[in-house]
Amino acid sequence: MLTTHAALHRAKFLLWVFAVALIASSAFLLAYGSDAAPSGVTGLAPASQRVAPLAGAAIPNETPIPFAYSPQVAQMIAGVQQSQVYSYTGYLSGKFPLTVGGESFTLKTRNTYYPAYGNKATQYEYEFLQGAGLAVSYQDWYDAYWDVSGRNVIGEIRGATRPNEIVLISAHLDDMPIRAVAPGADDNASGSVGVMMAASRLAGHTFERTIRFVFFTGEEDGYLGSYAYAQQSVARNENIVGVFNMDMLGWDGNNDGLLLLHIRKTTNPAGSAADRAIAEVLTQVVSVYGLNGLAPRIRADGESESDHSSFWDQGIPAVLAIEDDWIYEENPYYHTQSDTIETLNMPFFTNYVKAVVGTAAHLAIPVGSDIGTATPTPTPTITPTPTLVKPSSPALLAPTNGVSVNTRQVALDWSDADRATRYKVQVRRGSTTGDVVDRQKKLTTSQYSTVALKSGRRYFWRVRACNAQGCSVWTAYWNFQVRAP
Ligand SMILES: [Zn+2]
């Protein structure tokens, strides 16, 4: 039993302890807000159990928490079947007929210059998203220079608690070559199937953020559809917190499971970090959900050759998810009529689609998800790219600078560059800052015949050489005048 003096002293001490505890706990509640869901919102995972914040997230200072396994998301992933991935790819690449507008139709091509087919493809996706129960719309676009038009397809699941934070899951639907028969199974029926599977697997679930499933068109013509979409979104002052753009998910000739996630260079630290936050959701999904056949690699190289770049141009975080088209192999059927479903690595492709579904779900944050606090999973180390030296810059050879040519499809020629494995070519109209009217990114030989150009115009062109380490600087521009009958 304690003395009165001691008891009094002790009572004072306990009172002091109690006061400190009280202050501490109210400070904690203030700092981290009540762990409980905001009033009126049910089934919201406690703040401390939500997925890492994205750049545009509305709750600053939200503490990124360990990425956590969710049985709800695991169930969404488990629903991805190879047979379904195969059939959707078969429909889009014309392997077998699909149903659109209630009629059977074989989608032989999805090239921009075959609008009758392009419109069937977009209608098919519209009906697919509608069938999954999403709010669906078209966005029409028109490019004055090329006098071409098209439409994007958008399906939306509105967010329950953060509806103004928007996540895009996108891919382009159009394809190459400019032919009446252009299967485009890998480029880019595969990415489009990624959007379809994510939409159908996430449909029926509730998410904190708004998630939009978007099929762009006009990508092969210069990202025309995504450009129009990004412009419209900025004009509407929308808060896109992240874009996960897929382009070519089906090729893995050497079976190494390598996939690439392209983000902005660290010369743009804020942009690169924001993109990386998206890319790391996929790398975490691969390790936490045991998608062992995949070897994701994040590359802060600013690779801009797809629709994600339309969002980078607007300062919006985005990632390009693609197969290994750069490091150890590339799809030899790229942009040819032989890019058919038979050439795809279906187990790799299906695994990739599973990773896409998990990534989409975690980016949108499932409401009521019983995401537990798993022990932090280490972020996979980014294996350094082999110390290859970049190629030297090629020299332009023909047509001689400044001449006139009497043909509309102009044969461009340049020297072979040391260590080069591919070449990029840009052709601009009228000046070195004019519109890009022809762009090639993966030429394997040092000559190229342009698309049909307009007579009476002067064009400026340049080349750069690339390999796995990167690209040389661009050559200086040369120019020629087209004087064709
Ligand atoms: Zn593509």
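## A bridge across the chain

The side chains of E342 and K95 meet in a salt bridge, with an N to O distance of 2.6 Å; the term stands for a side-chain nitrogen of Lys or Arg within 4 Å of a carboxyl oxygen of Asp or Glu. E342 sits in the loop between strand 10 (318-323) and helix 9 (346-364), and K95 in the loop between helix 3 (82-92) and strand 1 (98-100), so this pair ties together parts that are 247 residues apart in sequence. K95 is partly exposed, at a relative accessible area of 41%. On this scale, buried means under 20% relative accessible area, exposed over 50%, and partly exposed in between (1.4 Å probe, protein chains only). Helices (H or I, at least four residues) and strands (E, at least two) are DSSP runs, numbered from the N terminus.

This is a predicted model, in which local features need pLDDT of at least 70 and side-chain atom pairs count only at pLDDT 80 or more, while totals for chains, interfaces and linings use all residues. Residues are numbered from 1 along each chain as its sequence is written, and side-chain values use heavy atoms, with hydrogens and water left out.

## Other charged pairs

How many salt bridges does the structure hold? There are twelve. One of them joins the side chains of E330 and R422, at 3.7 Å from N to O. This pair links distant parts of the chain, 92 residues apart: E330 is in the loop between strand 10 and helix 9, and R422 is in strand 14 (residues 422-429). E330 is partly exposed at 25% relative accessible area, whereas R422 is buried at 5%.

R299 and D301 also meet through their side chains in a salt bridge, this time at 3.0 Å, N to O. Is R299 buried or exposed? With 8% relative accessibility, R299 counts as buried, while D301, at 21%, is partly exposed. Elsewhere, salt bridges link R162, E165, E208 and R209 in a network.

Two strands pair if DSSP finds at least two bridges between them. Strand 11 and strand 13 (residues 411-414) pair in the antiparallel sense over two bridges. Which residue of strand 13 is the bridge partner of A398? That partner is D413.
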